[in-house]
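Let's take a quick tour of a protein model, looking at one strand with its neighbours and then at some aromatic rings. Keep the picture handy while you read.

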Amino acid sequence: MSQLRSSIAPKDVDSSRDRWSRCRFAVRGPGSPVASPRRHGRSLHTAISIRRFVNRPAIAGVTLVVVASLAGCGSNSNSSAATACSAKPAAATDDTAGWTLPGGNLANTRDVASPITSSNVSTLGVAWCVPVESTGVTKAAGLANGYATTPVVVNGVVYTQDQESNVMAIRLATGKVLWTHTYNSLNGGPDGVNVVDGTVYAATDSAAVALSAATGRQLWSRTLIGNDREGIDMAPGYNDGTVYVSTVPVNPNKGEYLGGAKATLWALNAATGAPKWSWDEVQNLWGNPGLNSGGGLWDPPSFDAQGNLYIGIANPGPIGQGGWPKGYPWATSRPGPDLYTDSVVKLSPQGKLLWYYQLTPHDLFDWDLQNSPVLTTANGQPVVIDGGKAGILIELNAATGKLLWKLPVGVHSGPSNAGLITENATPTSRIPLPAKFELEPGVFGGVESQLATNGSTTFAAVNNLGVPLTVKGVTESSAAFQAAIPKATGEMIAVNQDTGKIEWDDKLPSSPYGAATVTNNVVFTTTYSGDLYAFNATTGAILLKTPLSAQTDAPVAIAGGYVIAGAAVPSVTAHNQALIIAYRLGARGKLPDTVG
């Protein structure tokens with residue numbers, strides 16, 4: 001594995017993401033998924049074709065919906081589909097508990113209390129569903145919208161966002177859409193919202209926004225990108241009157257990891273959107289801003305009791321999967337470790353760098369450390385646990401950033417130390433790397449989505465998908481790469497936080513891009529094939545496997561006796577429908593159609 005680095009903040013820190021890099025999916029036409037050059041190399045999210053939509057209308061409007069969402073439960077407003085999807089509404093007391101923050105809580109543990117247990121999880125049935133509809137340029141082109149986020153549930157209302165930045169409020173007990181604020185702002189996802197004190201915080205591809213939770217009316221908007229090569233595709237963080245949003249070096253309307261695209265974390269006044277401070281995640285782009293790019297957040301920061309924030313930062317660019325710029329093989333345009341990419345970073349509430357830990361110095365292969373760091377305890381001490389596309393879990397001392405353990409997970413192949421070998425190379429250096437090799441984790445491999453913890457065990461959804469690579473980039477055709485994605489496998493693993501040892505490892509027939517979510521002794525995930533899984537948290541036994549309405553890369557949220565899932569990878573066909581689906585204990589509704 002790569003050398004791992006940790007450091008206390010240097011004195012000179014400023015307190016004021018290539019085709020294969022971070023996207024999820026592009027779509028050439030209805031029912032035809034194409035691996036686009038996310039997450040943001042992110043994962044499978046960047047969207048419904050960076051290459052197809054260079055221009056988009058700047059339209060934003062609020063539509064108050066006065067009919068129940070079930071009236072359009074399929075891909076069109078079909079009342080028979082609605083009837084098939086609906087179930088008897090729940091009692092009002094069933095929706096009191098909520099998934100009130102994007103990661104469940106400020107520590108991003110993705111663990112909440114609920115009545116769902118290993119004894120009754122098999123009784124989850126469909127309560128309602130709401131369509132994920134295309135708007136703007138995607139609708140005009142006949143393409144499907146995408147959905148890749150975890151919703152939040154506050155005061156019995158589900159708030160969520162699709163990959164065109166459209167925000168929606170849905171009554172949890174009935175599935176009635178209360179309002180939709182349409183932005184038609186295509187981005188890579190996962191996106192998402194944060195709801196605090198009656199305000200919904202979200203982002204478009206260029207700006208942070210605040211909306212009224214009651215009506216969807218926009219309260220303020222603050223443009224954050226520095227140029228048209230940058231974007232935003234995260235759920236904002238919130239703590240103590242401050243909203244936190246990071247830019248990313250990806251804009252679906254322009255491209256990915258283009259030179260000069262930087263990542264900056266902004267701290268904004270929650271009431272007005274005015275900047276309080278900003279923090280540069282990628283310094284001066286390591287001396288060559290004309291070619292280099294990098295950094296960015298996929299998900300919100302985590303916060304400790306003192307208000308310190310912990311962030312997981314994405315990869316530098318250019319990266320090897322897309323081939324190197326002429327004259328600069330093996331990332332020689334960005335020599336050195338390329339701070340602070342592929343790092344866990346701890347900042348004070350004022351934006352001062354307290355420590356950082358870099359997992360992959362001089363990353364060549366899009367190995368983001370992008371997931372929200374999880375704040376928990378091990379051996380009685382506060383720790384930070386994270387993992388990303390390198391397929392390595394790490395545990396750090398929360399006070400110092402010191403490495404406590406590291407654990408490779410999933411399948412690994414290829415030169416894991418390539419970054420260290422090339423870190424100080426020049427364009428003319430002889431590089432001792434194989435002429436061709438199988439790289440795994442590859443483009444959409446590793447730990448693509450968020451971890452969860454119950455306080456003693458960390459759960460991670462691992463994806464096994466490699467790519468053949470040379471200095472010229474990925475050698476397989478686009479068609480071969482597309483064909484490999486639905487055939488890829490994965491794992492759900494449980495890791496003892498005290499020891500860093502695997503407690504159980506469930507092999508899955510499809511990639512679990514749907515993160516890990518915990519309640520009581522049950523762990524949930526979703527797989528790319530379009531299945532919702534529940535596991536026994538102690539043994540790993542599969543307690544539930546049920547098909548969704550389409551393929552998915554969206555995590556789930558838990559609120560009371562509900563599990564809310566999204567199924568809308570943009571490859572929807574007549575038999576695979578893009579839906580937000582609410583499952584409830586004892587519900588007996590049916591989906592209008594399911595995968596397979």
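A residue counts as buried if its relative accessible area is under 20%, and as exposed if that area is over 50%. Keep in mind that this is a predicted model.

- Which way do the residues of E24 point? Ser343, Val345 and Leu347 point one way, while Val344 and Lys346 point the other way, and all of them are buried.
- One partner of E24 is strand E22 (residues 309-312); these two pair in the antiparallel sense, with 4 bridges.
- If you want to spot a bridge between them, find Gly312, whose bridge partner in E24 is Val344.
- E24 also pairs with strand E25 (residues 353-358), again antiparallel, through 5 bridges.
- Here you can look for Val345, which has Tyr356 as its bridge partner in E25.
- E24 and E25 make a hairpin, with 5 residues between the two strands. In that turn sits Gly351, which has a positive phi of about 90°.

**Aromatic pairs**

- How many aromatic pairs does a search of the whole structure find? The search turns up 16.
- Take Tyr244 and Phe303: their ring centres are 5.3 Å apart and their planes meet at 45°, so this pair is tilted.
- Tyr244 belongs to strand E15 (residues 242-246) and Phe303 to strand E21 (residues 302-303), so the pair ties together parts that are 59 residues apart in sequence.
- Is Tyr244 buried or exposed? Its relative accessibility is 3%, so Tyr244 counts as buried.
- Phe444 and Phe481 are another tilted pair, with 5.6 Å from centre to centre and 50° between the planes.
- This pair links distant parts of the chain, 37 residues apart: Phe444 is in the loop between strand E30 (437-439) and strand E31 (452-453), and Phe481 is in helix H4 (residues 478-484).
- Both Phe444 and Phe481 are buried.

**An aromatic cluster**

- Which residues form one aromatic cluster? They are Phe459, Trp504, Tyr533 and Phe535.

Terms used: Residues numbered from 1 in each chain as written. Predicted model: local features only at pLDDT ≥ 70, side-chain atom pairs only at ≥ 80, totals over all residues. Heavy atoms only, no water. Buried < 20%, exposed > 50% of the residue type's maximum accessible area, 1.4 Å probe, protein only. Pairing = 2+ DSSP bridges. Phe/Tyr/Trp six-rings, centres within 6.5 Å; stacked < 30°, edge-to-face > 60°.
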